[in-house]
Amino acid sequence: MNTATLRGLAAFTAAAALSLGLAAPAAAQSDFPNHTVELLVPYQPGGGTDGLARTFADASRKHMAQSMVIINRPGAGGAIGWTEVINAKPDGYKLAVLTVELLTLPHLGLAKFNYDDFQPIAQLNADPAAITVKADAPWSTVEEFLAAAKKDPEGVRVGNSGNGSIWHLAAAALEDKTGAKFNHIPFQGAAPAVLALLGGHIEAVAVSPAEVTTHVQSGKLKMLMVMADQRVKGFEKVPTARERGIDLSIGTWRGLGAPKNTPPEVMAKLREITAKTAAEPMMREAMEKQNLGYVYTDGAAFQQTLARDNAYYKSLIAKLNIKP
C-alpha cells in the first residue's frame, strides 16, 4: 500500500470517527427524555412552589415517556437549589422551578448567579402577596394591623420565605407605603412560615393566597388584604391594597428553567412537553383548587418577563434600601 493510499485511508477513518462522535449526542437528544427527569424545588415541601411542581409532574405523565420526580433543596432563599441546577450537566434531565427570588437574591448580594444562567422553558403561574393572620388575632382589618405595627414594630412579627424573598420584599414595600414597621422573620420557604403562624410564634405572614388557602378555609387563619390589582378568586371578600388606599401591587410568578447551555433540540422538546402539560385540564383544576393563579407564557415571553422584572426589583431593592 503506497503512501497516498495510507493517507487517504487515515483521512477517511478520521472523518468517520468524527461523524460518529457528532451523531451520538444528536441521537441522544432526539430521543429525549430516555430516563427520569428531576424537577428541583428550591424550597421546603408544602408551599405554593412545591404544590405547583408536584401538580406539573403529575400532569406531565401523559406527555413524557419517562417520569418526572420532585427534589426539594431548600436553603438560602432558593440559592442552594438553583446553584445546583445551574452547575448540573446541561442535558435537560435536571430542571428547576424558577420564582422571583432568582432575580432578587443577586441584587441583595445573596447569590452570585444571574437569571440568564437559566434558559426559561415557560411561565406557569402568577400570585400576589397577601397579609394573613390567625383567626383569633385582634385585628379585623388591615388598618388595625398596620396601626399595631406602628405602635409596636418589634411586637408584630411578619414571617416570610427567607431574606430577600419576594414575600420579604412585599412586606418591606408595605412598610414603605404606609409608614408601618415590622419585625421580619425569615424561614426556609412559605410553608414553615405558615406553620409558625399557626403555632402562634409570629403574628402574620406575607405570602401568597395559595400558601394559606387550606388554613383560611378551615377557619384557623384569616386574610386581611391582597397586594393585587383585583380581588383574588376564592377570596372575593378580601380587599386589595388599592381599595384600602395603599398604592401597592406585588407578587411572585413561577415557571420552569433549564441550565443555560442545554442544547436547542432538548429545549424545544422541554417546551413542547410543558405546553401540552400546561394545557391539561387536570393541571388547571389542581392549580385552581390550590388557589394558584394559572398563567402560561412560552419561553420567549417568559424571558422578557425575567428581563423586565430584573430591572424592576433592582430598582425596588435600592429604593427600599433592603439589606440581607
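Biologist: At what angle do helix α6 (residues 166-178) and helix α11 (residues 299-320) pack, and how far apart are their axes?

Modeller: Axes are lines fitted to C-alpha atoms, for helices over the stretch in contact, and angles run from 0 to 180 degrees between N-to-C directions. Here α6 and α11 pack at about 50 degrees, with axes 11 Å apart, which makes α6 oblique to α11. Angles under 35 degrees count as roughly parallel, over 145 as roughly antiparallel, 65 to 115 as roughly perpendicular and the rest as oblique. Helices (H or I, at least four residues) and strands (E, at least two) are DSSP runs, numbered from the N terminus. This is a predicted model, in which local features need pLDDT of at least 70 and side-chain atom pairs count only at pLDDT 80 or more, whereas totals for chains, interfaces and linings use all residues. Residues are numbered from 1 along each chain as its sequence is written, and side-chain values use heavy atoms, with hydrogens and water left out.

Biologist: What is the handedness of the crossing of α6 and α11, and which residues make the contact?

Modeller: A crossing is left-handed if the near helix is turned anticlockwise from the far one by less than a right angle, and right-handed if clockwise. The crossing of α6 and α11 is left-handed. Contact means heavy atoms within 4.5 Å; α6 contributes I166, L169, A172, A173 and D176, and α11 contributes Y313, I317, K319 and L320. By class, there are 7 nonpolar, no polar and 2 charged residues, where Ala, Val, Leu, Ile, Met, Phe, Trp, Tyr, Cys and Pro count as nonpolar, Asp, Glu, Lys and Arg as charged, and the others, Gly among them, as polar.

Biologist: How do α2 (residues 48-59) and α10 (residues 281-289) cross?

Modeller: The axes of α2 and α10 come within 9 Å and cross at roughly 160 degrees; the two helices are therefore roughly antiparallel. Their crossing is right-handed. From α2, L52, T55, F56, D58 and A59 meet M282, M283, A286 and M287 of α10, a contact of 7 nonpolar, 1 polar and 1 charged residues.

Biologist: Which residues of the largest nonpolar core touch the most other members?

Modeller: A nonpolar core is a set of buried Ala, Val, Leu, Ile, Met, Phe, Trp, Tyr and Cys residues joined through side-chain atoms within 4.5 Å. Buried means under 20% relative accessible area, exposed over 50%, and partly exposed in between (1.4 Å probe, protein chains only). The largest core has 101 residues, and L39, W82, F145, L174, F182, M227 and I250 touch the most other members. Residues up to four places away in sequence not counted, W82 touches residues including P42, Y43, F113 and F118.

Biologist: Are L146 and T305 buried or exposed?

Modeller: L146, in helix α5 (residues 142-151), is buried at 7% relative accessibility. Beyond its neighbours within four places in sequence, L146 contacts L174, T178, A180, F182 and I246. T305, in α11, is buried as well, with a relative accessible area of 10%.

Biologist: Where does the backbone have a cis peptide bond, and which residue between β2 and α3 has a positive phi?

Modeller: The bond from F32 to P33 is cis, with omega near -5 degrees, and P33 is in the loop between α1 (3-30) and β1 (37-41). A76, although not a glycine, has a positive phi of about 55 degrees. A76 lies in the loop between β2 (68-72) and α3 (79-86) and is partly exposed, at 46% relative accessibility. N321, also not a glycine, has a positive phi of about 55 degrees and is in the segment after α11.
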